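Here is a short walk through one protein model, for you to follow with the sequence and the structure side by side. Please keep both open as you read.

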Amino acid sequence: MNIRWGAAAVMAAAAIAMSAQADTKPTANGLTFTLTLPKAQQPAPADGRMLLLLSTDGSDEPRNQINHDLKTQIVFGVNVDGLKPDTPAVVDAGAFGWPIQSLTKLQPGDYFVQGVFNRYETFHRSDGTVVKLHPDRGEGQQWFKTPGNLYSKPVKMHLDPAQPQTVALTLDQVMPPIPPKKDTDYVRHVMIRSELLSKFWGRPVEIGAHVLLPFGFDSHPNAHYPLMVFHGHFPDDISEFRPEPPDPNLKPDFSERFHIPGYNRIMQDEDHKSYETWIGPGLPRFIVIEIEHANPYYDDSYAVNSANLGPYGDAINHELIPYIEKKFRGIGQGWARFTYGGSTGGWEALATQVFYPDDYNGTFAACPDPIDFRQYTVVNLYDDANEYILQGAHRTVERPGFRNYLGEITATQRDMNYYELALGDHGRSGEQFDIWQAVYSPVGADGYPQPIFDKQTGKIDHQTAEYWREHYD
């Protein structure tokens with residue numbers, strides 16, 4: 001749920017929330033926050049990550065403003081295990097944060113303050129490990145909108161780490177369910193229980209797909225079709241397909257990523273052109289699927305078998321795809337399938353062709369994630385000593401992590417990983433570096449993915465890198 005805050009709304013909401021939730025009192029321990037799960041919303045003890053969010057931008061809720069770019073607001077996180085109802089969790093100077101690491105470094109000023117509880121559940125896996133992770137609930141591993149997660153309404157207040165103060169927040173709001181997708185003439189939605197993944201995770205696990213059917217599917221009941229498998233991040237629905245004409249009244253937005261004005265209108269226009277091409281007379285008829293395989297570590301599994309995620313590759317290729325081909329009259333032969341995708345999807349498309357060579361007739365992969373770990377973004381995992389810094393003769397330089405359209409560095413490797421570490425330890429942030437680690441690493445002694453490098457210091461573990469080389473390079 002996104003709330004846009006106008007100036008009047010901010011003032012009114014802040015006044016109400018201050019009286020109802022922000023019970024503040026001085027303490028001798030500096031700036032401290034207590035976050036409580038009320039019994040009405042959480043009747044039993046709970047495990048998870050308690051997140052404290054601070055924002056100087058009142059245009060939206062703080063929970064919708066946390067990322068690794070220059071506009072990010074502030075997050076601090078602590079683990080809670082067996083937290084009892086009506087018993088406060090404490091976030092103080094010892095909590096790790098992003099983009100500042102400690103509350104002691106907070107600049108005095110007015111902030112919108114919010115708490116979010118990201119729930120964990122206990123998994124008893126078939127490999128004998130017991131881990132506490134955030135199960136996906138249809139949102140694609142996005143903690144700020146996971147159904148059932150608890151949060152508090154934003155409160156505006158003055159904070160100063162030099163002044164002793166305790167702020168009490170009650171997380172009495174519940175994030176709503178994700179509405180189910182509706183089938184249309186061309187788009188269908190499939191979800192099946194995977195026996196392979198259910199066995200691995202020790203509980204029922206489902207995977208699914210959005211299916212785009214060819215023009216004439218219903219009027220040609222004896223026709224069978226080849227299959228295009230599109231790989232990528234968690235799909236909201238079939239992408240780049242819009243039967244409705246572009247909305248002439250759509251207010252143009254601005255794409256920060258591509259630095260293009262009116263990008264939303266461009267996309268609507270292109271998506272409608274795709275639809276017109278799809279139903280046109282000259283296009284070969286085939287089925288397209290976009291796979292939905294969010295898991296406890298990320299919005300997708302990277303479509304391979306791995307020690308920490310289980311047999312997602314086999315589940316997709318030996319359970320889900322045969323089911324779809326049978327249900328929607330696919331040809332069901334390797335020569336009649338191919339994969340494609342870009343970025344994460346580019347890596348997955350290549351990996352699928354490599355690990356399942358007889359099941360596919362080729363792949364179209366664009367700008368894939370690192371396929372050679374001598375170039376793990378800008379790091380050589382085998383030869384370099386540190387993920388975060390370039391070591392010179394007399395100085396060090398922070399490695400770049402993210403650039404804008406001008407080539408300006410907006411986040412370093414350290415920045416991106418500190419952002420993840422604030423959201424969750426043991427690789428539980430639900431973000432990019434943590435899923436690479438979960439997919440490519442062996443299981444660590446604690447049951448979680450073996451770290452490829454130390455998140456605090458950036459020191460690379462070359463023994464784990466050798467495992468990566470042998471299994472996924």
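## I409 and its strand

I409 sits in strand β26, which covers residues 409–412. In this predicted model, I409 has a relative accessible area of 44% and is therefore partly exposed. Leaving out residues up to four places away in sequence, I409 touches P400, F402 and R403. For a sense of distance, take K132: I409 and K132 are separated by 277 residues in sequence and by 35 Å in space, C-alpha to C-alpha.

How many of the 11 residues of α6 are buried? The count is 9, so the helix is largely enclosed by the rest of the structure. The buried residues of α6 are Q413, M416, N417, Y418, Y419, E420, L421, A422 and L423.

H426 lies in the loop between α6 (413–423) and α7 (432–440). The phi of H426 is near 55°, a positive value in a residue other than glycine. With a relative accessible area of 35%, H426 is partly exposed.

## Other backbone points to look at

Most residues other than glycine have a negative phi, and most peptide bonds are trans. Against that background, T377 deserves a look too: its phi is near 55°, positive although the residue is not glycine. T377 is found in the loop between β22 and β23 (389–391), and its relative accessibility of 27% makes it partly exposed.

The peptide bond from W98 to P99 is cis, with omega near 0°. P99 belongs to the loop between β6 (96–98) and β7 (109–124).

## A six-stranded sheet

Next, turn to an open sheet of 6 strands with mixed pairing, in the order β13-β14-β18-β15-β21-β22. Why is one side of β13 and of β22 left without a neighbour in the sheet? Both β13 (187–193) and β22 (363–366) stand at the edges, and each has a single partner strand, so one side of each has no neighbour there. On average, neighbouring strands of this sheet are turned by 20° against each other, direction ignored.

Within the sheet, β15 (residues 227–231) and β18 (residues 287–292) run parallel and are joined by 4 bridges. Here L227 stands opposite I287 in β18. Helix α5 (residues 344–355) packs on the sheet, where it touches β15, β21 (337–342) and β22. The direction of α5 makes about 150° with that of β21.

## Aromatic pairs and charges over rings

A search of the whole structure finds 31 aromatic pairs. One of them joins W278 and F286: the ring centres are 5.3 Å apart and the planes stand at 80°, so this pair is edge-to-face. W278 is buried, at 8% relative accessibility, and F286 is buried as well, with a relative accessible area of 16%.

F338 and F364 also form an edge-to-face pair, at 5.5 Å centre to centre with 75° between the planes. F338 lies in strand β21 and F364 in strand β22, so the pair ties together parts that are 26 residues apart in sequence. Are these two residues buried or exposed? F338 is partly exposed, with a relative accessible area of 27%, while F364 is exposed, at 56%.

Two arginines can be found over ring faces. R329 lies over the face of F217, 4.0 Å from the ring centre. R469 lies over the face of Y382, 3.7 Å from the ring centre.

## The nonpolar cores

Finally, which members of the largest nonpolar core touch the most other members? Of the 74 residues in this core, they are W201, I289, Y302, L381 and Y440. Y440 touches Y302, W347, P370, F373, Y467, W468 and Y472, again not counting residues up to four places away in sequence.

There is also a second, separate core of 28 residues. Among its members are F33, M50, V113 and L169.

Key. Residues numbered from 1 in each chain as written. Predicted model: local features only at pLDDT ≥ 70, side-chain atom pairs only at ≥ 80, totals over all residues. Heavy atoms only, no water. Core = buried A, V, L, I, M, F, W, Y, C linked by side-chain atoms within 4.5 Å. Buried < 20%, exposed > 50% of the residue type's maximum accessible area, 1.4 Å probe, protein only. Contact = heavy atoms within 4.5 Å. Pairing = 2+ DSSP bridges. Helix = DSSP H or I, 4+ residues; strand = E, 2+ residues; numbered from the N terminus. Axes fitted to C-alpha atoms, helices over the stretch in contact; angles between N-to-C directions. Phe/Tyr/Trp six-rings, centres within 6.5 Å; stacked < 30°, edge-to-face > 60°. Lys NZ or Arg CZ within 6 Å of the ring centre and 35° of its normal.
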